[in-house]
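Thanks for coming. I will go through this model chain by chain and then turn to the contacts between chains.

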Amino acid sequence: MKIDATNKTTQQINHYLSQNEECEVHHLLGQRYLGNALTKGHYIFYGYPGNVLGGFLDGAEIELYGNAQEACGNTMSSGRLVIHGHCGDALAYGMRGGEIYVDGNCGSRCGVHMKQYHHLHSVLVIGGSAGDFLGEYNAGGTILVLNQFHKALPFGRFCGAGAHGGTIYFRLDNVSNDPRFRQVDPEQLQKINQLIDRFAYYMKRDPMHLKEGIFYQLEIPQINPYEGLYVKN
Amino acid sequence: MREGQFKNSSGCAIACIFHSDGHLENGTRIKKAMQLMHDRSNGLGGGFVGYGIYPAHREDYALHLFYDDVTAKEKAECFLEKEFICLKKEEIPTNQCVINKDVPLIWRYFIKEEGNKKEFETKLIQAFFKINQEIQGAYIFSCGKNMGIFKGVGYPEDIADFFQLDTYYASTWIAHGRYPTNTPGWWAGAHPFGMLDFALVHNGEISSYDTNRRYIEPLGYPCCLLTDTEVITYLLSYLNHEKGLTFEECADILAAPLYSEIDKMEKSKRCYYTQLRKNFGSFLITGPFSIILGHEQGIFALNDRLKLRALMIGQKGQSYYLASEESAVRAMQMELDSIYSLEGGKPFIKNREVNHYEKG
Amino acid sequence: MKKGKFKVVRDERLCDQCGGCISQCANKVHYQDQDQIKIRHQHCVNCQRCVEFCHCNALSIIKEENVFHPHPLWSQQIIEEISKQANSGGILLSSMGTQQSYPIYFDHLLLNASQVTNPSIDPLREPIETTTFLGKRTHDVKRSQEGKLEIEEYPSLKLNTPILFSAMSFGSISFNAHQALLEAAKELGIYYNCGEGGLLEAFYKDQDSIIVQVASGRFGIDPSYLNHSAAVEIKIGQGAKPGIGGHLPSIKNKGLVSKTRRIKEYSESISPAPHHDIYSIEDLKQLVDSLKEATHHQKPIIVKVAAVHNIAAICSGIARSGADIIYIDGFKGGTGAAPTRIRDHVGIPIELALASVDETLRKEGIRENVSLIAAGGIRHSADVVKAIALGADAVAIGTAALIALGCHLCSDCMSGTCNWGIATQEESLCRRLNAKKGAQQLVNLIQAWTREIQEMMGGMGINAIESLRGNRLMLRGIHLSAEELDILGVKHAGR
């Protein structure tokens, strides 16, 4: 089933999506909240949908050929978002489970407060680089930044600020002496390679190419940031 | 209640088309961008500014005024005619089929520049404050050369139709859709806010407002509207018009780098930024904002330093397309050479490469 | 009067007669009488030393129960004061800040927080800057031939957090107290003020953290003193005693105190009421300029004044005198000793003074000529935030710092027998204050306040302290008259 989104509203498109578990939507431009809270189905989008693409997603799979805007994958529980393009700010905010793969770059405050719970484990793989505050407040889940465009550092300022769980992996071309970074161990590398294989599969890229370089993990303080912060009054 | 009688919070949509080669286009595409971002406005304000729209009066100042009634109009005209040489006056053509609620009288005047430009502009600013503060029911909402602001209460796309923007040709278009939290809708309260060649649109609500306002007011910029847009325009006008600071320097003041970053810079940069922060602390803007300022030569855009608002910049040839959302950029120009998100605290500054506007 | 203000209660069931209280109390409240420890209640100042140190937890201090005939006008305190004066013919003296119940305007100001229209931010994760520069600011920009921006550099103070320690002289408080304040200031990246009693030579090496004071007594001042500093403060007045000089009794002027003040041992150490080289505002400029010459234009000059009725005009004059920083001390500020009637009846609250000064300087376009330090009753971090939102660049704390060092505010500083080793020069008492531990307590206090300031700023969505300065929209008044709101420049809550 194919839909032309031209001049269609969010509600009209979301209605089609809920009626059809497999469909393609073309010529998206600015429609917000697409696929919100969908529990099943596989959808392929083309174009430039508006904010909150795949918000509260709970099982469905959405693939986008084009760029996504702000708040993509907001509070996602499960399912998969595959973005063959760039992503705006606040991607994957409060994500509890499921997977998001972005081929290009993403904006600021991505992967903020990701978490994990029981069998749910959120995964965010960014092919390019991220802006400031990547993985801020992180409480669980895995972020992997593949740095396909070979930046010296594939994220901006305050990466992992206030994180108290979860893992942030990233790829560098050169050895880094930054004390915040720790080179990954073989076990972690194996996990990373699995994620790369999946990313490469979705993006139809050569995984070997993406496995070159050096993988680092951002040190997330294991100490409780709140310890010693308060005193009972 | 009107703007100026209370402090108003508002969220917004902003967009801009800028042709660095000076070529002109009508208001159709900028309207499309605003239409797409309909949900970011709530119908209580929309507006546009075009640069290069009055080629027949390119050397004259175009004053756009709102009047509540004929009395206000008579008073303001009496004042203007006494102070300035008015070359032409006319009612701004509008399509009242689109909006017909609480529409004020909307007039424009072309005023001849006399003597020294700087002195004349000082006089014009005095008239701007005089009319806006003292003549009840009259409000100058645009007063630059060869440019004009069109704004009012309504959704931006309706404002565009109301003012028939498809009949105006500009090399820079900047637009604003407003989401004020409480205003009964006063036409002058819509944005862009303009002063001389500056016209500013803003998205976000700044937290430094009263620090900025209390500082700039005694310097001759009374804040009558109590909006963020107004105060930011004044800060920029003071820094750029009065102090001769470049837009790069203005950005380094309004969205200064953090001390933690400054302390890591090499010496000359460290001194530069420390000095700016030390001396211009009252101009720092905190809280979320993205702004686009239009001026005689081009545009200036800036995001807050913690990057709490999004602003996308697309380029196609010598033209630039800015909007709060990428899809709005694509609505203006689907095929682009490049598109990126403006980083926090890093300005986007583009000037026209030619000194004239060309009808394209 | 036979009875004091307090009564010491010993729970004989708990007391093991160890005698610790006897050795702890320099006021000799506790004494051994044969095999019993007895109590002279009338000597007790309620410093809580014995209570804190009683390992049996057997002691409590309560208010003296004996009451005079209640009278709405002639309170017990008034009667006692009249009696004291009738017996002695003396001027009443008091220590610490006024105990009269004047309105505390800080407690009538409420802070704002962001909801929806803009985001609050979290200091644990996001940068919230408290760095503050104090000094003259300028907007006069010039350009070099290459077009580079050139801004004249005026001497300034850089503070990591907008709090300073206020001036307390060596003599009025102990060496260890001074050392603790200095060490804490160094660690915190703020400033210690040596007060008017000279600067201990042992501190010279830490001059970058020191503000030296030039008061009317000119104790300890020579070019070396002036230059071993980060800034020089001209003390015109003090909030607790505007218009009044100072007096360190000869008994305290011995040893290191006399050496540091550079005056003869056991002479009276008197600070005149005015500076006798300043009889008018233009004379202030003369002192400011001569101090600038003496310090090679390297140090910012602070002028400290008490908040009095005409404070806005006074500060406007100071802002035009070449001074870089104005320190306004509200009438609730502390003191080692001040005439009671002056302390309790002269001057105005810092909140009103500050609001009025800030507004006046702005209206006159000279606000950036000077930075403003507000002091006199800053009790906690919310007071700091409110003071800055009213218009201060920074605040100074004295009493709060002393409390961090162990002071229990018994307000008996002038006796010189401070059981906590703070307001004393008695060797044995001074030893009770461990400078290192004291410094740590001060560091803890200021760090905790700074975190709280950041929390409050974050709540308001403000990520740099300069955007809080004078941001009165962040304040609302409660239970205030229209006049008070007008002076404070804030709206009433709900508006």
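**Sheets, helices and contacts**

I start in chain A, where 11 strands form an open sheet of mixed pairing, in the order β1-β2-β3-β4-β5-β6-β9-β10-β11-β13-β12. Keep in mind throughout that this is a predicted model. The edges of the chain A sheet are β1 and β12, the latter covering residues 181-183, and each of these pairs on one side only. From one strand to the next, the twist averages 20°.

A helix also belongs to this picture. α1(A) packs on the sheet and touches β1, β2 (22-29) and β3 (42-48) of chain A. The direction of α1(A) makes about 165° with that of β2(A).

One backbone detail before I leave chain A. Which residue sits in the loop between β1 (2-4) and α1 (10-19) of chain A and deserves a look? That is A:N7. Its phi is near 60°, a positive value in a residue other than glycine.

Next, chain B, and a hairpin. Strand β15 of chain B, residues 312-316, and strand β16 of chain B, residues 319-323, run antiparallel and are joined by 5 bridges. B:M312 stands opposite B:A323 in β16(B). The hairpin of β15(B) and β16(B) has 2 residues between the strands, and B:G317 there takes a positive phi near 60°.

β15(B) has another partner as well: 4 bridges join β15(B) to strand β17 of chain B, residues 338-341, again in an antiparallel arrangement. Here B:G314 stands opposite B:I339 in β17(B).

Elsewhere in chain B, where is the cis peptide bond? It joins B:H191 and B:P192, with omega at about 15°. B:P192 is found in the loop between β10 (172-180) and β11 (193-195) of chain B.

Chain C has an open sheet of 8 strands with parallel pairing, in the order β11-β21-β20-β18-β17-β14-β13-β12. β11 (163-165) and β12 (192-193) of chain C stand at the edges with a single partner strand each, so one side of each has no neighbour in the sheet. Inside this order, strand β13 of chain C, residues 210-214, runs parallel to strand β14 of chain C, residues 231-235, with 4 bridges joining them. C:V214 stands opposite C:I234 in β14(C). Helix α7 of chain C, residues 281-294, lies across β13, β14 and β17 (301-306) of chain C and runs at about 145° to β17(C).

There is also a helix pair to show in chain C. The axes of helix α11, residues 381-390, and helix α14, residues 435-460, of chain C come within 9 Å and cross at roughly 55°. That angle is why α11(C) counts as oblique to α14(C). The crossing is right-handed. Which residues of α11(C) meet α14(C)? They are C:S381, C:A382, C:V384 and C:V385, and they meet C:W449, C:E452, C:I453 and C:M456 in α14(C). By class, this contact has 6 nonpolar, 1 polar and 1 charged residues.

Finally, the contacts between chains. Chain C and chain B meet through 32 residues from chain C and 33 residues from chain B. On the chain C side, the elements that give two or more residues are β9 (149-151) and α10 (350-363) of chain C. By class, that side has 11 nonpolar, 12 polar and 9 charged residues.

The contact of chain A with chain C takes 6 residues from chain A and 4 residues from chain C. The chain A side divides into 4 nonpolar, 1 polar and 1 charged.

That is the end of my part.

Methods: Residues are numbered from 1 along each chain as its sequence is written. Chains are lettered from A and ligands numbered from 1 in the order in which they are written. This is a predicted model: local features need pLDDT of at least 70, side-chain atom pairs count only at pLDDT 80 or more; totals for chains, interfaces and linings use all residues. Two residues are in contact if their C-beta atoms, placed from the backbone, lie within 7 Å. Ala, Val, Leu, Ile, Met, Phe, Trp, Tyr, Cys and Pro count as nonpolar, Asp, Glu, Lys and Arg as charged, and the others, Gly among them, as polar. Two strands pair if DSSP finds at least two bridges between them. Axes are lines fitted to C-alpha atoms, for helices over the stretch in contact, and angles run from 0 to 180 degrees between N-to-C directions. Angles under 35 degrees count as roughly parallel, over 145 as roughly antiparallel, 65 to 115 as roughly perpendicular and the rest as oblique. A crossing is left-handed if the near helix is turned anticlockwise from the far one by less than a right angle, and right-handed if clockwise.
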